[in-house]
Structures are given as C-alpha cells and as structure tokens.
Amino acid sequence: MGLMPRLKLAPSILTADFGRLADEVRAAEAGGADYLHLDVMDGRFVPNITFGPLLVDALRRVTSLPFDIHLMIVEPERHLDAFAETADIINVHIEVSPHINRTLDAIHRLGKKAGVCLNPGTPVSAIEESLPDADQVMVMTINPGWGGQQMIPRQLQKVAAIRRLLVAGGHPGEIEIDGGVKVGNAAACAAAGADVLVCGSSVFNAEAGPGQNLEALRRAITGP
Ligand code: DX5
Ligand code: ZN
C-alpha cells in the first residue's frame, strides 16, 4: 500500500495584479504553491493576448517555483526554444499540434517535462496516443482564454477516464485540471483523479491573500 502523493497547487497569475506582479508571485510562493502556472496566449488560438517569454524570463528572477507553461498559441512548436531557459513543464494543446509526438519529443530534447492539453470540446481519444509520451495531461475545465470562469463540471468525467487509461497503460503521466477550481469543487477534482490543480482567481482574487487562499484550497482537499 503506497502513500498517495500530495496533490499539487499551481497558481495562475492571469488574474493577479500585474502592477505588483513580483509581490503577488512571492506571496503565492510563501503560501506553499507547488508550481507557478503561466498562461501564454496569442489572440489566435484563443481570443485573448497575454504575455510571452519576456515576462516569463523576468519572473524567473523573482521565484524559484517550477514554471508550468501553458501555451495557448498556434504552432507552439515554433516557440519552444523561447522557454527553454525558464520552463520546467511546457504544455501544448492537441488542437493545434498535428504532430504531437514530434512536439513532445522536441520539449523533451530541451530537457523539459512535456504536457498535452485538451479543450472541453476535444474528446479523450484525441490524446490517447500521446499518453506514453506525456509527463502531464492538462484537462481544460473551461474554454480557455480568460480566468475567473465557472468550471464545466462534466469535464471531471474526462479526468476520471484519462486516469483509467494512465493506470491501464502503466503510464506515469500526471493529470492537471485547469479552469474554475475553487474551494467548493477542489475535493471533487481530487476525487476525479487529478494530481495538479491550477488555481487562478481562487488564489489571486478571492477575499483573503494568496497565502490564506492556498491554505483554504489545501484544507478543502485534505479535510479539516
Ligand atoms: C485560462 C487559463 C487558466 C486560468 C485559470 O485559459 O488557462 O489557467 O488562469 O483561471 P481560473 O482558476 O480563475 O479559472
Ligand atoms: Zn492555464
């Protein structure tokens, strides 16, 4: 009987106060974040535009948290090198990766962990062939583009289905849930089989500061 590994929390800076971003990131780190989740958007794959490697490079000087880079961009394979110095995990979307096996391989050749993401409208079968090659599978529980949206609950069934496939195939990949994670649904995310929860507005925009918000999420998962 093995111990269950601790579920990881990955604050996303998307809805943080960018005027005091370094402080926000330091508060998340002090509050026990496991990763920093960084949402790169290009205005093409998703309607919104956020930031690129310049900001990620700057944050690398602020925190030692592992960087979980979420590329919501077309042709992600063209931009992997730009994150080679800073990223720990690079996640690409299956919907814009016709040669996913080659892209995951390219990420590994940079010495990084490789993640594959799927949108709410994309079936599990689309990533099934990638499971042996992926260190992480990111299940979008919102339509990507903005923080602060409501989770689409039936996406948790997808998490459970991917968990079953990982176990059946003996693949070590972890499952990350991205979108709408809150104190009220964190336990359900854990129960569905997630290893990592992205938490944006529930860390940076909820009542208390990032430290207390992370603590509340942690309590919601582990119980009082
Ligand atoms: C949205 C991003 C998410 C976002 C999550 O497209 O991928 O990482 O920041 O924010 P919340 O937790 O507020 O849904
Ligand atoms: Zn994200």
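Visitor: How far does a polar side-chain atom of H37 lie from an oxygen atom of ligand 1?

Guide: A polar contact is a pair of N or O atoms within 3.5 Å. In this predicted model, the distance between a polar side-chain atom of H37 and an oxygen atom of ligand 1 is 3.3 Å. S201 also brings a polar side-chain atom to an oxygen atom of ligand 1, at 2.5 Å. From G200 it is a polar backbone atom that lies 2.8 Å from a ligand oxygen.

Visitor: How much of ligand 1 does the protein bury?

Guide: Ligand 1 exposes 380 Å² when taken alone, and 100% of that is buried by the protein. The space that ligand 1 takes is the largest cavity.

Visitor: Which elements give two or more residues to the shell around ligand 1?

Guide: They are β2 (36–41), β3 (67–72) and β8 (196–199). With three residues, β2 supplies the largest share of the shell.

Visitor: How many residues surround ligand 1, and which are the closest?

Guide: There are 21 around ligand 1, and S12, G148, D178, G180 and S201 are the closest. Sorted by class, the shell has nine nonpolar, 10 polar and two charged residues.

Visitor: Which parts does the pair of R6 and D34 tie together?

Guide: R6 is in the segment before β1 (8–11), while D34 is in the loop between α1 (21–30) and β2, so the pair ties together parts that are 28 residues apart in sequence.

How values were computed. Residues are numbered from 1 along each chain as its sequence is written. Chains are lettered from A and ligands numbered from 1 in the order in which they are written. This is a predicted model: local features need pLDDT of at least 70, side-chain atom pairs count only at pLDDT 80 or more; totals for chains, interfaces and linings use all residues. Side-chain values use heavy atoms; hydrogens and water are left out. A residue is near a molecule or strand if one of its heavy atoms lies within 4 Å of it. A polar contact is a pair of N or O atoms within 3.5 Å; within protein, one must be able to donate a hydrogen and the other to accept it, and residues adjacent in sequence count only if both atoms are side-chain atoms. Accessible areas come from the Shrake-Rupley method with a 1.4 Å probe; for residues, only the protein chains shown count as cover. On a 1 Å grid over the protein atoms alone, a cavity is a set of points where a 1.4 Å probe fits but cannot get out, and a pocket is an open set with protein on both sides within 12 Å along at least five of seven lines; lining residues have an atom within 4 Å of a point. A molecule sits in a cavity or pocket if more than half of its atoms lie within 2 Å of its grid points. Helices (H or I, at least four residues) and strands (E, at least two) are DSSP runs, numbered from the N terminus. Ala, Val, Leu, Ile, Met, Phe, Trp, Tyr, Cys and Pro count as nonpolar, Asp, Glu, Lys and Arg as charged, and the others, Gly among them, as polar.
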